[in-house]
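Colleague: I would like to learn how to read a model like this one. Please take me through it feature by feature.

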Amino acid sequence: MKRQYKDFRTTFDVREELHNRKQRPGESFELFYDAICNIIDRLAVPLDDDELIEIVTRNLRPEIRHELLYVQVETLAQLKKLVQKREKLLNEEYFRRNNVNRSFAN
């Protein structure tokens, strides 16, 4: 049954989809990375870590990509950690700002 309904996209098509999959506004890194992994799973030959790091970094939201411009990322784990730290910082700032605004409104 698997063969009958096999995805007939070529490696080129899958790689193009991979290069076009950008992180969306408001999308967490985890969701974005999971989507990238789902695309990669359709490749016949897996990507090496350096290429995967390059693709993921290039497809991050522009403001995140800009912040990582001069950071030497050696591993995927390091990239994940950097982006997740940034997301946590932005969430903390957002909640702090909203709490301050609520305090002034009362």
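Modeller: Start with a definition. A polar contact is a pair of N or O atoms within 3.5 Å; within protein, one must be able to donate a hydrogen and the other to accept it, and residues adjacent in sequence count only if both atoms are side-chain atoms. Now the ground rules. This is a predicted model, where local features need pLDDT of at least 70, side-chain atom pairs count only at pLDDT 80 or more, and totals for chains, interfaces and linings use all residues. Residues are numbered from 1 along each chain as its sequence is written, and side-chain values use heavy atoms, with hydrogens and water left out.

Colleague: Which residue makes a polar contact with the side chain of E27?

Modeller: R21, side chain to side chain, at 2.6 Å. E27 sits in the loop between α1 (11-20) and α2 (29-40). Helices are DSSP runs of H or I, at least four residues, numbered from the N terminus.

Colleague: Is E27 buried or exposed?

Modeller: Buried means under 20% relative accessible area, exposed over 50%, partly exposed in between (1.4 Å probe, protein chains only). E27 has 11%, so it is buried. By contrast, D50 in helix α3 (residues 49-58) counts as exposed because its relative accessibility is 57%.

Colleague: What does E27 touch?

Modeller: Contact means heavy atoms within 4.5 Å. Leaving out residues up to four places away in sequence, E27 touches R21, K22, F32, R61 and E87.

Colleague: Which residues of α2 are buried?

Modeller: F29, F32, Y33, A35, I36, I39 and I40. An α-helix has 3.6 residues a turn, so residues three or four places apart point the same way. The buried residues of α2 fall within an arc of 155° seen down its axis, so they line one face. The arc is that of the directions from the helix axis to the C-beta atoms.

Colleague: How many aromatic pairs are there?

Modeller: Two. Rings of Phe, Tyr and Trp (its six-membered ring) pair if their centres lie within 6.5 Å; planes under 30 degrees apart count as stacked, over 60 as edge-to-face and the rest as tilted. F29 and Y33 are stacked, at 5.9 Å centre to centre and 15° between planes. Ring pairs link F29, F32 and Y33 into a cluster.

Colleague: Which residues have the most contacts inside the largest nonpolar core?

Modeller: Such a core is a set of buried Ala, Val, Leu, Ile, Met, Phe, Trp, Tyr and Cys residues joined through side-chain atoms within 4.5 Å. The largest has 21 residues, and L52, V56, L60 and L79 have the most contacts inside it. Its largest share, six residues, comes from α2.

Key. Helices (H or I, at least four residues) and strands (E, at least two) are DSSP runs, numbered from the N terminus.
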